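Here are my notes for your first pass through this fold. Keep the structure open beside you and check each point as you read.

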Amino acid sequence: MSHSDTVRRLLKIFETFNVPEAMKLFAKDATYQFGNFPPAVGIDQIKQAAAPSHMDFIKSATFDVKNMVEAGGGVVACEIDITYGTTDGRTITLPCADLFRFNEQGLVTEMKIFMDATPLFARPGSA
């Protein structure tokens, strides 16, 4: 399985909100960082960071990979549109860029998510 295949598999797992299953694709000492939040290091911290408080607002998420580049050296970058279904009935599509690094065993050692999630927290009609 290529690193790009692993990224696609991981995103499909994230669509199901199955964080424990997703953690099977991460190295034990991996780093995960969402936006400007501090990095989470290690499986326990990543589990907590991957299921943050904004999940209370989300009932579904679909990842549409627009572009993916496997740069070599275990690095994959991808451009994604993420469509969220919110608990208040809205559908919000947000652009996102992710950077992944892999170890020799094919496990994610670093995942960085570059995205402005502000619209998820906006009250309807407050734009």
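1. Which strands does helix α1 lie across, and at about what angle does it run to β3? Helix α1 covers residues 3-15 and lies across β1, β3, β4, β5 and β6. Its angle to β3 is about 170 degrees. Bear in mind throughout that this is a predicted model.

2. Now the sheet. It is open and has six strands, in the order β2-β1-β6-β5-β4-β3. The pairing is mixed. β2 and β3 stand at the edges with a single partner strand each, so one side of each has no neighbour in the sheet.

3. Start at the β2 edge. β1 and β2 are antiparallel and pair over two bridges. Find T31: V41 in β2 stands opposite.

4. β3 (58-72) and β4 (75-86) run antiparallel and are joined by twelve bridges. Two places to look: T62 stands opposite T83 in β4, and E70 has V76 in β4 as its bridge partner. The two strands form a hairpin with two residues between them. G73 lies in that turn and has a positive phi of about 65 degrees.

5. V75 stands opposite R101 in β5. This is also a hairpin, with four residues between the strands. G89 in the turn has a positive phi of about 95 degrees.

6. Which residues of helix α3 are buried? They are I43, I46 and A50, in a helix that covers residues 43-50. Looking down the axis of α3, these buried residues fall within an arc of 60 degrees, so they line one face of the helix.

7. What do the buried residues of α3 pack against? Their partners are α2 (19-23), β1 (26-34) and β2 (40-41). The helix lies across β1 and β2, at about 35 degrees to β1.

8. Next, the nonpolar core. The largest one has 38 residues. V7, L10, F26, Y84, F100, M111 and M115 touch the most other members. Elements giving two or more residues to this core are α1, α2, β1, α3, β3, β4, β5 and β6. In general, nonpolar side chains tend to be buried together in soluble globular proteins.

9. Take V7 from that list. Leaving aside neighbours within four places in sequence, V7 is in contact with M68, V76, C78, F100 and F102. V76 has already come up as the bridge partner of E70.

10. Is T6 buried or exposed? T6 lies in helix α1. Its relative accessibility is 6%, so T6 counts as buried; the cut-off for buried is under 20%. Not counting residues up to four places away in sequence, T6 touches M1, L25, F102 and G106. F102 is also among the contacts of V7.

11. How many aromatic pairs does a search of the whole structure find? It finds two. In one, the ring centres of F34 and F37 are 6.3 Å apart and the planes are at 55 degrees, so the pair is tilted. F34 is buried, at 16% relative accessible area. F37 is exposed, at 51%; exposed begins over 50%.

12. The other pair is F100 and F102. Their ring centres are 6.5 Å apart and their planes are at 25 degrees, so this pair is stacked. F100 is buried, with a relative accessible area of 0%. F102 is buried too, at 8%.

Key
Residues numbered from 1 in each chain as written. Predicted model: local features only at pLDDT ≥ 70, side-chain atom pairs only at ≥ 80, totals over all residues. Heavy atoms only, no water. Buried < 20%, exposed > 50% of the residue type's maximum accessible area, 1.4 Å probe, protein only. Arc of directions from axis to C-beta. Contact = heavy atoms within 4.5 Å. Pairing = 2+ DSSP bridges. Axes fitted to C-alpha atoms, helices over the stretch in contact; angles between N-to-C directions. Core = buried A, V, L, I, M, F, W, Y, C linked by side-chain atoms within 4.5 Å. Phe/Tyr/Trp six-rings, centres within 6.5 Å; stacked < 30°, edge-to-face > 60°.
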